[in-house]
Amino acid sequence: MTRDLGADRILAISPHLDDAVLSFGAGLAQAERDGAKVTVHTVFAGTATPPFSPAADRLHSIWGLSPDEDASLRRRDEDIAALGHLGAEYRHSRFLDAIYRKAADGRWMADNVPGRQKLAIGRLSSQADPLFSAVQEEIASVVQECDPTLILTCAAASGHIDNEITRDATLLVAREREIPVRLWEDLPHAMFAQGEAELPEGFRLGAPEFASVEADARARKFEALLRYPTQMRMLHGPDKDLFAQLDGHAGKNGVRSGYGETTWPVVSR
């Protein structure tokens, strides 16, 4: 693990339920095993009510949920189980995932992509989104409560508006509190489409660092991921082995054998 990942109080700000575990679950498990207090706060974890967007209805079906099942509650329960397996505490926010939100013109923010499981998510500047100020205020409150010595969040290289809001709000709060920040590589997206993180003005990425973990931390991450059965229906199955893909990706990024994950320090300019 890199030096600042040895912090004694780590707060991971996750856009969605499962993002932190997918992208940096082994690092969080290793930090907890090394004696750190680890907390994961998920921003877009609120309860949505029908009617849902066609994109959300399709995802609910892919996740194996019945039309009358509370998808948000089911996913929060999965997250609690997964983070508990890592030894991390959890916080769940009230904000709705983009698949449940509408743009200012009344259209759904998420659209289906014909023939694919992927969605098209509406794009706009993160700080122009009406939710941005409220998200920033809530993250500031969580940071004050948890008093972290290190904050982790997503690089948002995928361009997803929820991820960009989370990252940019986190960066502003961390700079005000003078708390070091690291951005994790967005997995599984980064395994198939390496994007480039475009940080808001006044911030830049430092050099990427691959942090190796012990075999037990890797195992705990993979076991935690299985506690998200709704998401595993999309990511893992007979014709796609998520865990082999994660191992292969780590092998490409690592400078030595063993599993690990990549993060970038953020520097204020």
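The legends below describe close-up views of a predicted model. Local features are given at pLDDT of at least 70 and side-chain atom pairs only at pLDDT 80 or more, while totals for chains, interfaces and linings use all residues. Residues are numbered from 1 along each chain as its sequence is written, and side-chain values use heavy atoms, with hydrogens and water left out.

**View 1. The nonpolar cores.** A nonpolar core is a set of buried Ala, Val, Leu, Ile, Met, Phe, Trp, Tyr and Cys residues joined through side-chain atoms within 4.5 Å. Buried means under 20% relative accessible area, exposed over 50%, and partly exposed in between (1.4 Å probe, protein chains only). The largest core holds 55 residues, and the members that touch the most others are I10, L28, W63, L152, L225, L242 and L246. Helix α1 gives the largest share of this core, 8 residues. Helices (H or I, at least four residues) and strands (E, at least two) are DSSP runs, numbered from the N terminus. Another core, of 31 residues, lies apart from the largest one and includes A140, V142, L199 and V266. In soluble globular proteins, nonpolar side chains tend to be buried together.

View 2. Contact here means heavy atoms within 4.5 Å, and each list leaves aside neighbours within four places in sequence. W63 is in contact with A71, R75, I99, Y100, T230, Q231, R233 and M234. L65 sits in the loop between α2 (54–62) and α3 and is buried, at 9% relative accessible area. The contacts of L65 are H60, A71, R74 and T230. From L65 to T230 the chain runs 165 residues, and their C-alpha atoms are 8.0 Å apart. R75, in helix α3, counts as buried at 9% relative accessibility. R75 contacts L17, D18, W63, D97, T230 and Q231.

View 3. On a 1 Å grid over the protein atoms alone, a cavity is a set of points where a 1.4 Å probe fits but cannot get out, and lining residues have an atom within 4 Å of a point. Grid points are joined across faces, edges and corners, and a volume is the space filled by probe spheres set on the points. The model has 3 cavities of 30 Å³ or more. Ala, Val, Leu, Ile, Met, Phe, Trp, Tyr, Cys and Pro count as nonpolar, Asp, Glu, Lys and Arg as charged, and the others, Gly among them, as polar.

**View 4. The second largest cavity.** This cavity has a volume of about 60 Å³. Its lining is made up of S23, E185, L187, F210, L246, H249, A250, N253, Y259, G260, E261 and T262. Helix α9 (242–253) and strand β10 (260–268) are the elements that give two or more residues to this lining. The largest share, 4 residues, comes from α9. The lining divides into 5 nonpolar, 5 polar and 2 charged residues.

**View 5. Helix α7 and Q30.** In α7 (residues 215–225), the buried residues are A217, R220, K221, F222, A224 and L225. The elements covering them include α1, α3 (71–86), α8 (229–235), α9 and β10. Q30 belongs to helix α1 (residues 19–33) and is buried, with a relative accessible area of 4%. The side chain of Q30 reaches the backbone nitrogen of E214 at 2.8 Å, a polar contact (N or O atoms within 3.5 Å, one able to donate a hydrogen and the other to accept it; residues adjacent in sequence count only if both atoms are side-chain atoms).

**View 6. V135 in helix α4.** V135 lies in α4 (residues 132–146) and is buried, at 1% relative accessible area. Beyond neighbours within four places in sequence, V135 contacts V43, F95, I165 and A169.

**View 7. Backbone exceptions.** Most residues other than glycine have a negative phi, and most peptide bonds are trans. P50 and P51 are joined by a cis peptide bond, with omega about 5°; P51 is in the loop between β2 (37–42) and α2. A cis bond also joins L187 and P188, with omega about 10°. D18, not a glycine, has a positive phi of about 105° and counts as buried at 6% relative accessibility. A156, also not a glycine, has a positive phi of about 60°.

Technical notes:
On a 1 Å grid over the protein atoms alone, a cavity is a set of points where a 1.4 Å probe fits but cannot get out, and a pocket is an open set with protein on both sides within 12 Å along at least five of seven lines; lining residues have an atom within 4 Å of a point.
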